[in-house]
Amino acid sequence: MRFFLHTHPQLMAIPMRLQSFASAQKWEGGVSMVQGASRGIGLEFVKQLLEKNGKGHVIATCRNPTKATALLELKNQFAERLNVLPLDVTVESTIEESARSITERYGSLNLLINASGILSIPSVLQPETTLSKVQKSSMMLAYEVNAVGPILVIKHMWPLLKVGGLLGTDRDVAVVANISARVGSIGDNRLGGWHMTKTISVEFARKKDPIACILLHPGTVDTDLSRPFQRNVPAEKLFAKEFSVQKLLNIINNAKQRDNGKFFAWDGQEIPW
């Protein structure tokens with residue numbers, strides 16, 4: 001029996017799990033990660049998470065932190081609670097390095113917000129509003145940044161989220177929140193969309209992980225991302241980022257296990273897939 005206790009792989013893993021739990025318990029208020037945090041909605045998520053939770057810790061990632069002036073200003077203001085890390089969703093090694101850093105320092109994640117995205121880049125990428133404007137290079141770049149990148153982030157943060165789903169906040173689950181345009185809904189737009197969130201949520205449920213993966217539509221928000229396309233947006237439908245993020249955080253904070261795989265608009269209404 002003594003030999004079995006020392007060699008059985010499941011029992012050998014127990015001390016490591018206990019270490020993770022012990023490490024995670026140190027972070028009262030939870031640990032949140034915002035991917036794509038240098039500006040716009042992502043930056044506002046970081047700001048509100050820090051201001052509205054006096055004890056929670058936030059990890060903010062972006063491609064080039066040294067050029068993220070507003071994010072560095074927040075770092076100066078919340079030096080003990082904000083950790084800024086470099087992460088490029090198109091370079092998987094940077095995602096792996098961020099996961100290692102978070103594991104060593106925190107041991108868990110209670111919330112992951114994927115906020116990065118591209119809609120247009122002058123002379124490089126324009127939205128394909130008609131079939132005649134479709135270009136392979138543009139589609140591949142948009143797919144890599146807007147779909148593949150966030151999935152890789154979830155993949156590498158998954159072990160941390162499993163630990164965070166068991167402790168650290170008032171929620172009974174960790175939350176993965178992917179920000180999406182309404183065209184991510186098949187039923188609402190008839191345009192196809194981001195199936196990956198739904199697929200990931202199915203795997204979380206099948207493995208009985210304490211994680212809810214949800215998709216959030218922020219509305220049309222007045223940011224650099226939407227600015228080239230605001231001309232025909234009614235004033236009452238163009239939201240300040242402060243308003244939109246406040247609404248989305250309310251959805252996140254009230255998320256339950258049963259919400260896994262759901263798509264919500266900024267006002268809390270469920271959007272059909």
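# Setting values against definitions

Mentor: Let's start with Lys55, which, leaving aside neighbours within four places in sequence, is in contact with Glu28, Gly29 and Arg81.

Trainee: What makes a pair of residues count as being in contact?

Mentor: Their heavy atoms must lie within 4.5 Å. Lys55 sits in the loop between H3 and S2, and its C-alpha atom is 7.8 Å from that of Gly30, 25 residues apart along the chain. Before we go on, this is a predicted model, in which local features need pLDDT of at least 70 and side-chain atom pairs count only at pLDDT 80 or more, while totals for chains, interfaces and linings use all residues. Residues are numbered from 1 along each chain as its sequence is written, and side-chain values use heavy atoms, with hydrogens and water left out.

Trainee: How many helices and strands does the chain have?

Mentor: The chain comes to 9 helices and 9 strands. Both are DSSP runs numbered from the N terminus (helices are H or I, at least four residues; strands are E, at least two).

Trainee: What about Lys208, buried or exposed?

Mentor: At 72% relative accessibility, Lys208 is exposed. This residue is in the loop between helix H8 (196-206) and strand S6 (211-217). Lys208 also has a positive phi of about 60°, although it is not a glycine. Over the chain, buried residues make up 44% of the 273 residues.

Trainee: How do you know whether Cys213 is buried or exposed?

Mentor: Its relative accessible area is 0%, so Cys213 is buried. Cys213 is in strand S6, and Val175, 38 residues apart from it in sequence, is 5.9 Å away in space, C-alpha to C-alpha. Leaving aside neighbours within four places in sequence, its contacts include Val176, Asn178, Ile200, Phe204 and Asp259.

Trainee: What span would you expect for helix H9, and what does the model give?

Mentor: The expected span is 1.5 Å times one less than the number of residues. For the 13 residues of H9 (residues 241-253) that should be 18 Å, and the end C-alpha atoms are 18 Å apart, so the two agree. Ser244, Val245, Leu248, Leu249, Ile251 and Ile252 of H9 are buried.

Trainee: Where do the buried residues of H9 fall, seen down its axis?

Mentor: They fall within an arc of 155°, so they line one face of the helix. The arc is that of the directions from the helix axis to the C-beta atoms. Among the elements covering those buried residues are H3, strand S4 (111-114) and strand S5 (174-179).

Trainee: Which residues of H5 are buried?

Mentor: Ile95, Ser98, Ala99 and Ile102 are buried. They cover an arc of only 100° around the axis, so they are on the same side of H5. An α-helix has 3.6 residues a turn, so residues three or four places apart point the same way. The cover over the buried residues of H5 includes strand S1 (31-35) and helix H6 (136-164).

Trainee: Which residues does Leu160 touch, not counting those up to four places away in sequence?

Mentor: Leu160 touches Ala99, Ile102, Thr103, Gly107, Ser108 and Leu109. Leu160 lies in helix H6 and is buried, with a relative accessible area of 4%.

Trainee: At what angle do H3 and H4 pack, and what is that arrangement called?

Mentor: Helix H3 (residues 40-52) and helix H4 (residues 69-77) pack at about 10°, with their axes 10 Å apart. Axes are lines fitted to C-alpha atoms, for helices over the stretch in contact, and angles run from 0 to 180 degrees between N-to-C directions. Angles under 35 degrees count as roughly parallel, over 145 as roughly antiparallel, 65 to 115 as roughly perpendicular and the rest as oblique. H3 and H4 are therefore roughly parallel to each other. Leu43, Val46 and Lys47 of H3 make the contact with Ala70, Leu71 and Leu74 of H4.

Key:
Buried means under 20% relative accessible area, exposed over 50%, partly exposed in between (1.4 Å probe, protein chains only).
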